[in-house]
Amino acid sequence: MADRFAPGDRVRTRSVDVAGHTRLPGYARGAVGTVAEQAGRHPLADERARGRHTEPHPVYHVRFAAADLFGSGDHTVVVELWEDYLVEERG
Amino acid sequence: MSGAHASSTISAEVRHVESLLEARGLLEPGEIDTRIDEFAAKGSPANGARIVARAWTDPGFAERLLADANAAIRELGLSMAGGIQEQRLKVVANGVGADGTEEHHVVVCTLCSCYPIALLGPSPTWYKSEAYRSRVVRDPRGVLREFGLELPDSVAISVWDASAESRYMVLPRRPEGTDGLTEEQLAGLVTRKGLIGTAAV
């Protein structure tokens, strides 16, 4: 499985509130950011927490403008996210 | 799991699992605490300070550190492989970036308390507090001010949330007027807060 995203790609995070463990922080759900860097491949924490076997999945550092997450702030927040949480953001 | 969580239900549950593993011969009695102690004993902010001092005095090392921190720290005999698996280390440098903007980085784990223990030792209590974890992502300038670090508006702040498998360390800016110092003396200037990003150095 090739990594779907590259640095500079615009991505949107999943907005659904999944039952159980996830590593997509609540403040970063349904938000649009930019892939800053690939962060290797790791078993998906959501699946491991459910006791399931999981192959390594691509992980990315994704940079968000604070204003897009919280409605204010001039800083950026870099969140480390599994590819499973991300879809391509067009336009 | 140590006895420090004695009051909680989860502590009793963990202790029960430990005793089952011990009864089946999969763990020696007390082995988990011993392993945690061994792991923590190797970790100290002095390790992070050595990395910073080397990066300040050796531009080639600094470049390698920012490109592939796991490989670079092995040059100093350090490693992120002390735990169950080698953790990815990402070092982020304060200072003037490629676009001419001055950047300041600060590290948090909003979901729990992920931290590069091998390089910084056990994390400070405030790092694990809900107040720090919830506020620094929303208002880093305000939180840093409370730490005594007043950054001008012209400095761009990046907050790094350790939400997956990487661990972050900040490479602070080398202070002015330190040209005459040895690498060891420079390492002595670096604080744990500087390595997390809640102090300048």
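This is a predicted model: local features need pLDDT of at least 70, side-chain atom pairs count only at pLDDT 80 or more; totals for chains, interfaces and linings use all residues.
Figure 1. Taken along the principal axes, the C-alpha atoms of chain A fill a box of roughly 40 × 30 × 20 Å. Of the 91 residues in this chain, 42% count as buried, and among contacts in chain A between residues at least 6 apart in sequence, 56% join residues at least 24 apart.

**Figure 2. Overall build of chain B.** Chain B has 11 helices and 5 strands, and its C-alpha atoms fill a box of roughly 60 × 35 × 25 Å when the box is taken along the principal axes. Of the 201 residues of chain B, 43% count as buried. Where contacts in chain B have a separation of 6 or more, 65% of them are accounted for by residues 24 or more positions apart.

**Figure 3. The salt bridge between A:E89 and A:R12 in chain A.** The closest N and O atoms of A:E89 and A:R12 are 3.0 Å apart. A:E89 lies in the segment after β5 (86-88) of chain A, whereas A:R12 belongs to strand β1 (residues 10-13) of chain A, so the pair ties together parts that are 77 residues apart in sequence. At 22% relative accessibility A:E89 counts as partly exposed, and A:R12, with a relative accessible area of 33%, is partly exposed as well. The pair belongs to a structure in which a search over all chains finds 16 salt bridges.

**Figure 4. The salt bridge between B:K90 and A:E37.** In this view the closest N and O atoms of B:K90 and A:E37 are 2.6 Å apart, and the pair crosses between chains, from strand β1 of chain B, which holds B:K90, to strand β2 of chain A, which holds A:E37. B:K90 counts as buried at 9% relative accessibility, while A:E37 is partly exposed, with a relative accessible area of 22%. The pairing extends to a further residue, B:R88, for A:E37, B:R88 and B:K90 are linked in a network of salt bridges. Side chains of opposite charge can pair when their charged atoms come close.

Figure 5. The side chains of B:R15 and B:E18 meet in a salt bridge, with a distance of 3.3 Å from N to O. B:R15 is partly exposed, with a relative accessible area of 42%, whereas B:E18 is buried, its relative accessible area being 7%.

**Figure 6. The second largest pocket and its lining.** This pocket has a volume of about 430 Å³. The lining of the second largest pocket consists of 23 residues, and those that lie nearest its centre are B:L66, B:V92, B:A93, B:N94 and B:G95. The elements giving two or more residues to this lining are β2 (32-43) of chain A together with α3 (45-57), α4 (59-67), β1 (88-93), β2 (95-96) and β3 (102-108) of chain B. The largest share, 4 residues, comes from β1(B). By residue class, the lining of the second largest pocket divides into 13 nonpolar, 4 polar and 6 charged residues.

Figure 7. When its neighbours within four places in sequence are left aside, B:T191 is in contact with B:A199 and B:V201. The C-alpha atoms of B:T191 and B:L120 are separated by 9.8 Å, although these two residues stand 71 residues apart along the chain.

Key
Residues are numbered from 1 along each chain as its sequence is written. Chains are lettered from A and ligands numbered from 1 in the order in which they are written. Side-chain values use heavy atoms; hydrogens and water are left out. On a 1 Å grid over the protein atoms alone, a cavity is a set of points where a 1.4 Å probe fits but cannot get out, and a pocket is an open set with protein on both sides within 12 Å along at least five of seven lines; lining residues have an atom within 4 Å of a point. Grid points are joined across faces, edges and corners, and a volume is the space filled by probe spheres set on the points. Ala, Val, Leu, Ile, Met, Phe, Trp, Tyr, Cys and Pro count as nonpolar, Asp, Glu, Lys and Arg as charged, and the others, Gly among them, as polar. A salt bridge is a side-chain nitrogen of Lys or Arg within 4 Å of a carboxyl oxygen of Asp or Glu. Buried means under 20% relative accessible area, exposed over 50%, partly exposed in between (1.4 Å probe, protein chains only). Contact means heavy atoms within 4.5 Å.
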